[in-house]
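Work through the exercises below with the sequence and the 3D view at hand. Try each task before reading its solution.

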Amino acid sequence: MIPVLTIDGPSGVGKGTVANIVAARLKWNLLDSGAIYRAFALAASKRNIQIDNIEKLVELASNLELNFAPDSANNTLAVYLDSQEVSSDLRTEETAELASKFAMIGAIRESLLIRQQDFRKLPGLVADGRDMGTVVFKDAPYKVFLTANVEERAKRRLKQLRQRGITGNILQTLEDVKKRDERDARRKHSPLMPSKDALIIDTSDLTVSEVVTKVMVLVKV
Ligand code: C5P
């Protein structure tokens, strides 16, 4: 059985940062499932497929030419869509907003499921997202759900956007984060919520390395 550590939680909580560090420490593979939803949204918008055209959207989800490659400069994964690097296009709030709208549709989630499960390779996988522990890797032996108050998450998200050279202000970011959380938590299919067997960590007053330590204690391999 290939071990999986799932890290779920709301926007801006720092899942990606923690997942990156933990995957590097464990020398496990990494799945940023949000990048798949974002890339899908970008591809649909480039092709001008409307949100009610479910047939075309499902076809796109099944045929999406999406690849991840190590980006050693940033110690993360670069994302290629139709052979073009789209890593920075994926990080904007517009793409995130669009991704969360498409992510409400059950048929799209279904079509992206196996693509995510294929990341489960030896020696193990760290997977971050919204439904990693509840749906995609329900049988994972290690599950974490990160939380933090919304003001703190908006601050973290804004800092991250600015580091990537994207402008924004705190009030707008706070609104964006709230809106996306609400949509992700209220949707019918795979809503954002902790798996019953997940360790819930409130990160509001914790540093990244304190969160990483707690997660590493859980995995202990
Ligand atoms: O994690 P990230 O902010 O990149 O995710 C973008 C959007 O993709 C989320 O707001 C959510 O709607 C969707 N998503 C999802 N399920 C996942 C990962 C992301 O629905 N496992």
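**Exercise 1.** Which polar side-chain atom distance separates R130 from an oxygen atom of the ligand?

Solution. The model is a predicted one. Start at R130: a polar atom of its side chain is 2.8 Å from a ligand oxygen. A polar contact is a pair of N or O atoms within 3.5 Å, and the R130 pair lies 2.8 Å apart. Next, take the nitrogen atoms of the ligand. The side chain of D131 places an N or O atom 2.8 Å from a ligand nitrogen. For S33, the corresponding distance to a nitrogen atom of the ligand is 3.0 Å.

**Exercise 2.** Describe the surroundings of the ligand.

Solution. First, the cover: on its own the ligand has 450 Å² of accessible area, and the protein covers 98% of it.

**Exercise 3.** In what order do the three strands of the open sheet lie?

Solution. The order is β3-β4-β5, with antiparallel pairing. Strands of a sheet pair through backbone hydrogen bonds. Now find the edges: β3 (66-71) and β5 (84-85) each pair on one side only. Then look at β4 (residues 76-81), which pairs with β5 over two bridges. To locate a bridge, go to L81; its partner in β5 is Q84.

Notes: Residues are numbered from 1 along each chain as its sequence is written. This is a predicted model: local features need pLDDT of at least 70, side-chain atom pairs count only at pLDDT 80 or more; totals for chains, interfaces and linings use all residues. Side-chain values use heavy atoms; hydrogens and water are left out. A polar contact is a pair of N or O atoms within 3.5 Å; within protein, one must be able to donate a hydrogen and the other to accept it, and residues adjacent in sequence count only if both atoms are side-chain atoms. Accessible areas come from the Shrake-Rupley method with a 1.4 Å probe; for residues, only the protein chains shown count as cover. Two strands pair if DSSP finds at least two bridges between them. Helices (H or I, at least four residues) and strands (E, at least two) are DSSP runs, numbered from the N terminus.
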